[in-house]
Amino acid sequence: MSVIPEIAISSAKLPKKGTLVVLCDDKAKMSASASEGALGKTLKSAIAAADFKGSFGQTLRVMVPQGTDLDDVTVVGTGKQSDMNEQSWLKLGGKIAAAVSSSAKYAVALELAGKDGNPTARQVADVAQGIQLGAYRFDKYKVDKAVKPKHKSIKVTLIAKAAAAAKKVWAEQQGVTNGVMLARDLVNEPANVLTPKEFAKRASELKKLGCKVEILDEKAMKALKMGALLGVSRGSRNPPRMAIIEWKGGKPKEKPVAFVGKGVTFDTGGISLKPAGGMEDMKGDMGGAAAVTGLMHALAARKAKANVVGVIGLVENMPDGDAQRPGDIVTSMSGQTIEVINTDAEGRLVLADALWHTNKKFKPKFMINLATLTGAVLVALGNHHAGLFSNDDELSEQLSEAGAATAEKVWRLPVGPEYDKMIDSKFADMKNTGGRYAGSITAAQFLQRYVGDTPWAHLDVAGTAMGSPQTEINKSWASGFGVRLLDRLVADNYEK
Ligand code: BES
Ligand code: MN
Ligand code: ZN
């Protein structure tokens, strides 16, 4: 596996030996400590000689700086300091990880020239998170010697004025970062390894962080009459599971907030079989469940002061002699019946029972579900926003704000009675597809029939959880989308 750099934070002076990273703005200005003495002299002449502009993320590597005992110094540009926003320090971390990826040990001087040259504790922690997320690769199945990592471990020291406070923030943010990487690992993992049972086992590991985890097997779900979820699973040799993860960090009697995830470990489409091209991507059809699992990890690891439940429905959608057919009618746990028009619209069937069960069991303050639910959301929004559908303006607003703050962006699309009518069925209470148009909205309408009056939001992450754009902090197919977003939503609105 890729080596994730270990982070230390210190307020010591710049080291005199080894590998060093310093920052430089768009005016070729560095901090006072990077500008003084022999170091400053060599760096300034190297910057001038290379015509280095200090634009954001630009790097210049200076080997064995003259007059110092340093091995090498990498200058990283920040661009104009006043242009730096909430994301800049995070991205800068990613740039740093890429620039010095061959070093086993390095120090980063987090300081710029000028009066606002010292990053806040939060910004220092953002750099740390950016370094780790930027370094993440899923390469555990590349056993060829050529891709073996150069070093067994990488140690990074961030040198910053705000070190004492930054250490505290980072201690929490390490948990969130690990949550993102857990979500990425789950999504990247192939479906022959990550079956519903194996996923449930990995979710059970959250017990180590103080979560309560309950796993429902097929028998338990039959007893609960989860006919919609079980219908999807019928064609698979891998039995279904549901994992119910609780984190109780809030007041003992306070109602929890709930997150529900679609965990289709592989989606062939079932009898309504998908075409072969690109079907391998459907190993990621559990991206919603992965985000919920990663989020629960994040919240528990940083001991969030909130009561939170995470529920994930885990099934494999396969064609088989025993698989459900188009035209079949199943009865969901709610009692509502569903005519299965297309067995490839399976995610909503899984979520129908997961949402109903969550609502009934926990009476949560709100439910947010995440699902790689429709190809149509990619048509509407591409890879850059998750589709947001909700019955609650306040929750939607909170999600939009958390999205802007974390750059895990959401875009609200409508729900309403006109769309709801599109899933009325000739033979049952509803059908599982709504026809050619507004495919993401009719999918959301279907889910809404299982949430009652509880404030609810559905995030369609089909375009953002996997195969999304490569950024400074994501060089992996699986992005871990949703973990930072929802961690921020909880932190900003539901703690204390
Ligand atoms: N898992 C897919 C949606 C999907 C597509 C996720 C592309 C990620 C990338 C989902 O189960 C599905 O097959 N949806 C169908 C619904 C249709 C049959 C109404 C779709 O989008 O085509
Ligand atoms: Mn499908
Ligand atoms: Zn699916």
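## A loop residue with positive phi

Val64 sits in the loop between strand 3 and strand 4 (69-79), and its phi is near 35 degrees, positive although the residue isn't glycine. Helices (H or I, at least four residues) and strands (E, at least two) are DSSP runs, numbered from the N terminus. Asp51 is another non-glycine residue with a positive phi, near 55 degrees. Its place is the loop between helix 2 (37-49) and strand 3 (59-63). Most residues other than glycine have a negative phi.

The model is predicted: local features need pLDDT of at least 70, side-chain atom pairs need 80 or more, and totals for chains, interfaces and linings use all residues. Residues are numbered from 1 along each chain as its sequence is written, chains are lettered from A and ligands numbered from 1 in the order written, and side-chain values use heavy atoms, without hydrogens or water.

## The manganese site

What coordinates the manganese ion (ligand 2)? The donors are Asp267 through OD, Asp344 through both O and OD, and Glu346 through OE, at 2.0 to 2.2 Å. A donor here is an N, O or S atom within 2.8 Å of the metal (3.2 Å for Na, K and Ca); water isn't among the atoms, so sites may look incomplete. The six donor atoms around this manganese ion subtend angles of 71 to 168 degrees, and the arrangement is therefore irregular. Six donors would be octahedral if opposite ones were over 155 degrees apart and all others between 65 and 115; four are tetrahedral with all angles between 85 and 135, or square planar by the octahedral rule, and anything else is irregular.

Along the chain, the manganese donors are spaced D-x76-D-x1-E. Asp267 belongs to strand 9 (residues 257-267), whereas Asp344 is in the loop between strand 12 (337-339) and helix 10 (347-362), so this pair joins distant parts of the chain, 77 residues apart. Asp267 is buried at 3% relative accessibility, while Asp344 is partly exposed at 22%.

For six octahedral donors the ideal angles are 90 or 180 degrees.

Asp267 coordinates both the zinc ion (ligand 3) and the manganese ion (ligand 2), and the two ions are 3.2 Å apart. With Asp267 in strand 9 and Glu346 in the loop between strand 12 and helix 10, the pair ties together parts 79 residues apart in sequence. Glu346 is buried, at 1% relative accessibility.

Thr265 is in strand 9 and is buried, with a relative accessible area of 1%. Residues up to four places away in sequence aside, Thr265 touches Ala191, Leu194, Thr195, Pro196, Met282, Lys283, Met286, Val315 and Glu316, where contact means heavy atoms within 4.5 Å.

Asn238 is found in the loop between helix 8 (227-233) and strand 8 (241-248). Its relative accessibility is 25%, so Asn238 counts as partly exposed. Beyond its neighbours within four places in sequence, Asn238 is in contact with Thr195, Pro196, Ser233 and Glu316. Lys95, by contrast, is 41 Å from Asn238 in space, C-alpha to C-alpha, and 143 residues away in sequence.

## Two helix pairs

Helix 10 packs on helix 14 (residues 439-448) at an angle of about 30 degrees, the axes being 9 Å apart. Axes are lines fitted to C-alpha atoms, for helices over the stretch in contact, with angles of 0 to 180 degrees between N-to-C directions. Helix 10 is therefore roughly parallel to helix 14; that label needs under 35 degrees, roughly antiparallel over 145, roughly perpendicular 65 to 115, and the rest is oblique. Arg348, Leu349, Leu351, Ala352 and Leu355 of helix 10 make the contact with Ala443, Phe446 and Leu447 of helix 14.

Helix 12 (residues 393-406) and helix 15 (residues 483-493) cross at roughly 120 degrees, and their axes come within 9 Å. That makes helix 12 oblique to helix 15. Helix 12 contributes Gln398, Leu399, Ala402, Gly403, Ala405 and Thr406 to the contact, and helix 15 contributes Arg484, Leu485, Leu486, Arg488, Leu489 and Asn493.

Definitions and conventions
Buried means under 20% relative accessible area, exposed over 50%, partly exposed in between (1.4 Å probe, protein chains only).
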